[in-house]
Structure formats: C-alpha cells, structure tokens
Amino acid sequence: MDSSNDDALDIIITNVVATFRTRCHLNLRTIALEGINVIYKPEVGKVLMKLRKPKITASIWSSGKIICTGATSEDDAKRGARRLARCLQKLGFKVRFSAFKVVNVLAVCSMPFAIHLIDFTKKNRPIASYEPELHPAATYRIKSIKATIQVFSTGSITVTGPNVQTVATAVEQVYPLLFECKRPLCK
Amino acid sequence: MSRPGLSCPGCGSSNIVDDALYSQAQLVCVDCGSVVSEGVLADDPVGCLMTDIKTKVSASHVCILRVHSEIEDLSNTYYNQAYQHESFIKVSLQKKEVLAGCCVLVSCRLLNWPITMGTISCLLDVDPMVVGVVYQEMVKVLHITAPIVNVTDVMEASSDVPEEFAEDSRALSKRAVALVELAADTWIVTGRKPIPIMMAAIYLAWQSLKPNKQRLKFSLDKFCQLAKVNKLRPAMKRITEMKEVLCKLGKEIPWVRVEVTLENVILQVGDILNNRYALLRRAMRTHEDALLAECQTRYEAGELSPNWGKRVLFAPPCVVHAKKRRVEQPGLKDVTGDEEISDSEIDSYIRSPREAREFALTQKILSESEKS
C-alpha cells in the first residue's frame, strides 16, 4: 500500500496475528501424535503447529482457541487459519471455524532520510517518548486508532496496530511530523 | 519494649508495649490485648529509604550528585504519591528502592539537573533495564512529562575528573562537550546510549589536549582503570566513529599539508573543534561537488546506489553500513482467504494410522531407554 504522498512509501507488512475458535474441545495428545508438523508443550498446555504454505505458526489450546502468527497479509492469515481448521477436522475433531479476528499487524517502513529523535520528541510531547538509555527508538502512540510507531534515527519506522488500515493511517499521520525533523546539517 | 505515659482505653492499664504484626508497628495493651494505636505502613519505609538513597549518594565517588534541597523535596513528594498508588504498594522492597531512585531522577530532570539512568542504576546496584521499567511505569502513573535529557547537558553536569589525569578539568570538559556536540551534529549520538559516547568524548578530549606519545599510546582500557569505571564496549566503536568524522573535517583544514588519517587526527582535534562549523560547511560543499561529478559519470554508466546513506557525507552509521535485507519472496497476489482447500494438501500434514502407531511405539521405547 502506498501513502498519499508524492513519493511512494513502501509499507511492508511483516507479521499478522489472528485468532479464531473451533467451538469444540481439542485433545492435544491426539494432535501431537497424528500431526507431523507439531510441537507439544505440555508444561504450558498448548500445541504449536506450523504450516508450510502460507508460512504460519499456530498455538492451539485445548479449549479450542487458536492464535495464528507469521502471515504477511490479512487474507493470508485467514487462508492459513482455514487450512488449520481443515487439518484439525481431518484429525477427527468437530471443528467449526468461527470468530476469526485479526488482532495485531506489524509493518515496517523506511524513510529516505535520517530523523533527529530529540527534535521529534520535543515537538510531539507527550505523545512521543524517547529514552536513549533504554531503547534506541522514539515511541509515538496514537491513542485514537490504537497504533504504536517506533521511530529510529536511521529513518526506519515500525508500526503496530489492530489492522492493516490502521497501520496505513498511522504512517500517513506520522509522515509529516517525521519530515519536519529531517534536520539539515549545517548551522 | 514498653511505652510509658500511655494508658489503654479498654482497661485503663499502663502496661503498653510495642508489637509488630506483619511488619506493621502497633501499640498493644498486655493486660487486655486491645490495640491502642497502629503505625501507618508508609511512614517508616519512606523515611529510611530516602535517607538510604541520600547516604549512598553522598558516599558516591564516581559521580557528584549534589542534590539541591528543591530536588529532594520534589522527589519526596513524588515518592509519597507513587508509594500510595496501587501499582507500587505491593511491590518488593528492591523495587521500592528503585522507585525512590526514579523519583530522584525525574525531579532532577524537571529541575534542570540532568543525570542519567546509568548513574541511578550504578548507585542502587541494579540492572538499568529494571530502572527503566519502573521509571516508565511511575511516569505513566503520576502523569509526569519530564524533559528529554541531552547528552551535552549531562556532560556539563557531571564532569568530574580525578587528578591522575593531570589535566585542567574545565578545559577537558569544555573540549569533551564540543566533541559531543560535533558527534550530535553528525548522527553519532541519536539513538545511542549516552554513557559510551561520554566516555569516548572524554578519552579523545584528554588525548588531544596534550597529544604526546605517552597519551596517544594510552589505551581506553587503562584510561577506564585509572578513572575507576567499567569499560564499555560500545565506547570503542564511538571512538572510531568520532575519529572518522574528525578525519573528514580535518581534510578541509587549509593549512594542513599532510594527509589526515585516523592515527594523526588527534593532533588536529583542537583546530577542528574551534572551527567546526566552518569546516562542516566546507566539507558539505566539497562533498556536493564530488557527488555532482560522480552522478554525471554514473548516470552515463547507468547505475545509482540504492543506499541513500552512501550518498550523503554524514549519515547514521547503520544506514551507511546497511545490513543486506533478505530478498522478499514474491507473495501470492490473488489470495482471498476463502479458497478451496484440497484434501491432499491437508493429508500431507497428518500421519497415517500406521505411521501414528509407529511414532507412538518409538516414543515409548525412547522414554523407556531414557529411564533406564
């Protein structure tokens, strides 16, 4: 997706986290026995199942709640989730694919300029916070759309939000603020 | 121990003793057992922790934290507020000490006396990340907006150089501050931890104030030993980065005939810092001219480096030495999420009954061999 500025900004979605429910109890031991691509973690009470295509890792709990991570788009996440549900169906469980929801989207974006973080934080207090001793990036939280942006001095930013549209909106909102702080060098 | 002068409201007896129930001080009548009065949990710990911090502060050799009475009062107020808050009332004693340190930190920042988290973590002898977590939570809980700490301010506030260095501390701190300002202008400071930068600046400033053979050969390790501080590995990288910047500027000095390299740049540091803005402008202009000429030839050859960091004179070091990104696999464009899923595909994820039996058997054998 491109931003609404003249130069196209590549927003690369690196991770989509989604959850869904199977509406039935799942026997984790059976899944661990009959599934090829599973890792059983009895101490935590869940099974990790990995799919090849799309590349997704799912955490499966015996209550029937499943969290899928690793997809690169919302549709891919849904595709992977449905494959997973089908797989569990074949294993013999009475699965009904329901309550699918994308919970978190992580994207990265690279600005073609460096950003002076102290200027950026000073201009955007208290929405922005920067503690160089703890983390090299400044954090900018947009409460209205529930998005968090981490701004690095190299111009790269990472955006997390509840869905892809929020992420795009967040980048559009923050771009002018970043552009202001691409400080030229000489005094 | 008994408390004279008090009488129990229940039975009138004067036999009242101090008793502590779950670390809460209480005055109890021995005869009838009624509680005459209870101490408030908050009183003593606050008092003794704050004095503890103050004694640690006054006993510190590494850093002079001359805490003004205003800062003390403000930090006391914040501590009292935070202590009563639900997020902090049930935490461990260590965390409460860290909380006291964070209150001192935030008061210092608000009253323009910047100190680093590293200082607080050093004084309290805890991991700086723990200090960070408590600090962020406290700031959120008390709704404080503290100003950002600039490395140059911290340097000015905490210049304390022992006599072994045989150097005028004012000249040293002035030069170190100038170095840090130059580093800030050339993208070395932004996003990095401040303490290694300060360490590198002081080391280079010390070397350059009297650049004789002895000082130039004196390694950072020995320097830190002399100053009784722990050497930090990033400080070495900062020294190299600062020297590279100084070299770039050193090349622009008109009266220097010799080529400026990383080895002999220390001799020029004084001149570079005194004229740094003029040199920066010259360096930028020279670079622009060189770039224009290069672009012309490159354009004709048909190639242009995609890394914008290589094209500008000063850029954040991780842009200049960018890590090679893994080539993205071309994603499927027509995914809708609702496609048909073939049986064969799902079957590849499931063991056949025979495979499952064999798997169960193997697991059993393995676990038995482990037990024996």
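**View 1. A charged group over an aromatic ring in chain B of the predicted model.** In chain B, the ring of Phe359(B) carries the charged end of Arg351(B) above it, at 3.8 Å from the ring centre. The structure shown is a predicted model.

View 2. Tyr203(B), Trp206(B), Phe218(B) and Phe223(B) are joined into a cluster by ring pairs. Over all chains, the structure contains 10 aromatic pairs. Helix 8 of chain B covers residues 194–209. The 16 residues of this helix extend 22 Å from the first C-alpha to the last, close to the 22 Å expected at 1.5 Å a residue. Of these 16 residues, 13 are buried, so helix 8 of chain B is largely enclosed by the rest of the structure.

**View 3. Helix 5 of chain B and its surroundings.** Helix 5 of chain B runs over residues 128–142. Its end C-alpha atoms lie 21 Å apart, which agrees with the 21 Å that 15 residues should span at 1.5 Å a residue. The buried residues of this helix are Val131(B), Gly132(B), Val134(B), Tyr135(B), Met138(B), Val139(B), Val141(B) and Leu142(B). Among the elements that cover them are helix 2 (69–84), helix 3 (93–110) and helix 4 (117–124) of chain B. Just after helix 5 of chain B, His143(B) adopts a positive phi of about 55°.

**View 4. Two cis peptide bonds in chain A.** Most peptide bonds are trans. The bond from Lys53(A) to Pro54(A), however, is cis, with omega near 0°. Pro54(A) belongs to the loop between strand 3 (46–51) and strand 4 (56–61) of chain A. Arg125(A) and Pro126(A) are likewise joined by a cis peptide bond, for which omega is about -5°. Pro126(A) is placed in the loop between helix 3 (117–123) and strand 7 (128–129) of chain A.

View 5. Most residues other than glycine have a negative phi. In Ala99(A), phi is positive, near 55°. Ala99(A) is part of strand 6 (residues 98–110) of chain A, and its relative accessible area of 44% makes it partly exposed. Lys146(A) also has a positive phi, near 55°. This lysine, Lys146(A), lies in the loop between strand 8 (138–142) and strand 9 (147–151) of chain A. With 66% relative accessibility, Lys146(A) counts as exposed.

**View 6. Cysteines without disulfide partners.** Zero disulfides are found over all chains in a search of the whole structure. For Cys24(A), the closest cysteine sulfur is that of Cys87(A), 13 Å away and therefore too far for a bond. Cys24(A) counts as buried, at 15% relative accessibility. Cys103(B) is also in no disulfide, and the nearest cysteine sulfur, in Cys102(B), is 7.0 Å away. A disulfide would require the two sulfur atoms to be within 2.5 Å. Cys103(B) is buried, its relative accessible area being 0%.

**View 7. The two assigned domains of chain A.** Chain A is assigned domain 1 (17–103) and domain 2 (111–182). The centres of domain 1 and domain 2 of chain A, taken over C-alpha atoms, are separated by 34 Å.

Key:
Residues are numbered from 1 along each chain as its sequence is written. Chains are lettered from A and ligands numbered from 1 in the order in which they are written. This is a predicted model: local features need pLDDT of at least 70, side-chain atom pairs count only at pLDDT 80 or more; totals for chains, interfaces and linings use all residues. Side-chain values use heavy atoms; hydrogens and water are left out. Buried means under 20% relative accessible area, exposed over 50%, partly exposed in between (1.4 Å probe, protein chains only). Domain bounds come from an automatic or database domain assignment. Helices (H or I, at least four residues) and strands (E, at least two) are DSSP runs, numbered from the N terminus. The expected span of a helix is 1.5 Å times one less than its number of residues. Rings of Phe, Tyr and Trp (its six-membered ring) pair if their centres lie within 6.5 Å; planes under 30 degrees apart count as stacked, over 60 as edge-to-face and the rest as tilted. A charge sits over a ring if NZ of Lys or CZ of Arg is within 6 Å of the ring centre and within 35 degrees of the ring normal. Contact means heavy atoms within 4.5 Å.
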